[in-house]
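Work through these exercises with the sequence and the 3D view open. Try each task before reading its solution.

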Amino acid sequence: MAARSLHEGTSHSPLHRCILIPVSAAITVRNLHKTYGDVTALGGVSFTVAEGEVLALLGPNGAGKTTAVEILEGYRRADEGDIEVLGFHPATGGRAFRDQIGIVLQETGVEEVLTVREAVELYGRAYSRRRPVDELVSLVGLEEKGDSRIKTLSGGQRRRLDLALGLVGDPDLVFLDEPTTGFDPAARRRSWELVEGLTALGKTILLTTHYLDEAQHLADRIVVLAEGRIVAEGTPETLGSAQAVTTVRFNVPETANLPVIGEGPEIGDNKVTYRSTDPTADLYTLTKWATEGGVELAGLEVTRPSLEDVYLDIMEEADRAREPK
């Protein structure tokens, strides 16, 4: 059993956790396989999601994300592997299992003549526990559209309604499949705040998204799939750390006797550039050199690669690994 600290400093939690408590796994997947004819959608995938954790599942189209999520939701059966979600096998958990999960699909077929409130009320009747309709409509930012028919909503407003329908049963585990597709930047940020609120309540979230800034902002941990296999796993800060290169750049009037650290120095356009895979140690060496020599590192910049940079590097490495030798 894993252990995590209460209110630890994640990107979506302003509080610092100081008490370690045991955490059970909400999702456990071991050696998951699924094929469609000659196509391998999942080729031995294993991962866990702790209770209260936000896990982002990333990968290009065709990587196996949707297949994996549909198996965990109970809508598709695996060919092989051990799966446990909230203590149930999803394919056989029945109503008791579905009563504890919420699903936000990429598209939801809702009767368009219903109003927003009517749709939330209708979907809520399927659950033994449910959030109040007006509270939920307000939570997703549709309070001004509560009495509007669904056919009059914009694409972004429909995605907010999809989010409300996925949360109506007050689920312990929420599957968010591309939840902010079609949102404008302001609506996306508001949805992020909603997800942060869910995690503050202890909800577990499995997120798929093509917005890497969304994964970086929301996820405690990231799993990257490519052609049905996990090619990288870690936190947004440590994902791909082996190949992550930090750039150190500054202006200096005298370039003689610059220290040799990392990859560099590179000198051009009146700037000195170092590229480092061990930035803490290399920065110590650099600043020590500057301090002892009385050199001012004017315009000092230390730039770590973004999650998008790391993700693209991981995908390139996965492509190279598949090339014939």
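**Exercise 1. A residue in a loop**

Where is the place of Asp-269? Then decide whether Asp-269 is buried or exposed.

Solution. A note before starting: the model is predicted.

Step 1. Find strand S13 and strand S14 (271–276); Asp-269 sits in the loop between them.

Step 2. Check the backbone. Asp-269 is not a glycine, yet its phi is positive, about 55°.

Step 3. Take the relative accessible area, which is 76% for Asp-269. The cut-off for exposed is over 50%. Asp-269 is therefore exposed.

**Exercise 2. Another positive phi**

Locate Leu-86 and state its phi.

Solution. 

Step 1. Leu-86 belongs to the loop between strand S6 (80–85) and helix H2 (94–98).

Step 2. Its phi is positive, about 55°, although Leu-86 is not a glycine.

**Exercise 3. Leu-258 and its surroundings**

Is Leu-258 buried or exposed? Which residues does Leu-258 touch, not counting residues up to four places away in sequence?

Solution. 

Step 1. Leu-258 is in the loop between strand S12 (246–251) and strand S13 (263–268).

Step 2. Apply the cut-off. Buried means under 20% relative accessible area. Leu-258 has 11% relative accessibility, so it counts as buried.

Step 3. List the contacts. With residues up to four places away left out, Leu-258 touches Phe-250, Pro-265, Ile-267, Val-272, Tyr-274 and Trp-289.

Step 4. Compare sequence with space. Leu-286 is 28 residues from Leu-258 in sequence, and the C-alpha to C-alpha distance is 8.6 Å.

Step 5. Follow one of the contacts, Pro-265. Pro-265 is in strand S13.

**Exercise 4. Pro-305**

Which residues is Pro-305 in contact with, leaving aside its neighbours within four places in sequence?

Solution. 

Step 1. Go to the loop between strand S15 (298–303) and helix H9 (307–322), where Pro-305 is found.

Step 2. With neighbours within four places set aside, the contacts are Ala-244, Val-245, Thr-246 and Val-310.

Step 3. Thr-247 is 58 residues away in sequence, but 8.2 Å from Pro-305 in space, C-alpha to C-alpha.

Step 4. Classify the exposure. The relative accessible area of Pro-305 is 22%, so this residue is partly exposed.

**Exercise 5. Two helices side by side**

At roughly what angle do the axes of H5 and H6 cross? Which residues make the contact?

Solution. 

Step 1. The two axes come within 12 Å and cross at roughly 10°.

Step 2. Angles under 35 degrees count as roughly parallel. H5 and H6 are therefore roughly parallel to each other.

Step 3. H5 brings Arg-160, Leu-163 and Leu-167 to the contact, and H6 brings Ala-187, Ser-191, Leu-194 and Leu-198.

Step 4. Sort these residues by class: five are nonpolar, one is polar and one is charged.

**Exercise 6. The whole chain**

What percentage of the residues in the protein chain is buried?

Solution. 

Step 1. Count the elements: nine helices and 15 strands.

Step 2. Of the 325 residues, 46% are buried.

Step 3. Residues 24 or more positions apart account for 64% of them.

Conventions
Residues are numbered from 1 along each chain as its sequence is written. This is a predicted model: local features need pLDDT of at least 70, side-chain atom pairs count only at pLDDT 80 or more; totals for chains, interfaces and linings use all residues. Side-chain values use heavy atoms; hydrogens and water are left out. Axes are lines fitted to C-alpha atoms, for helices over the stretch in contact, and angles run from 0 to 180 degrees between N-to-C directions. Helices (H or I, at least four residues) and strands (E, at least two) are DSSP runs, numbered from the N terminus. Angles under 35 degrees count as roughly parallel, over 145 as roughly antiparallel, 65 to 115 as roughly perpendicular and the rest as oblique. Contact means heavy atoms within 4.5 Å. Ala, Val, Leu, Ile, Met, Phe, Trp, Tyr, Cys and Pro count as nonpolar, Asp, Glu, Lys and Arg as charged, and the others, Gly among them, as polar. Buried means under 20% relative accessible area, exposed over 50%, partly exposed in between (1.4 Å probe, protein chains only).
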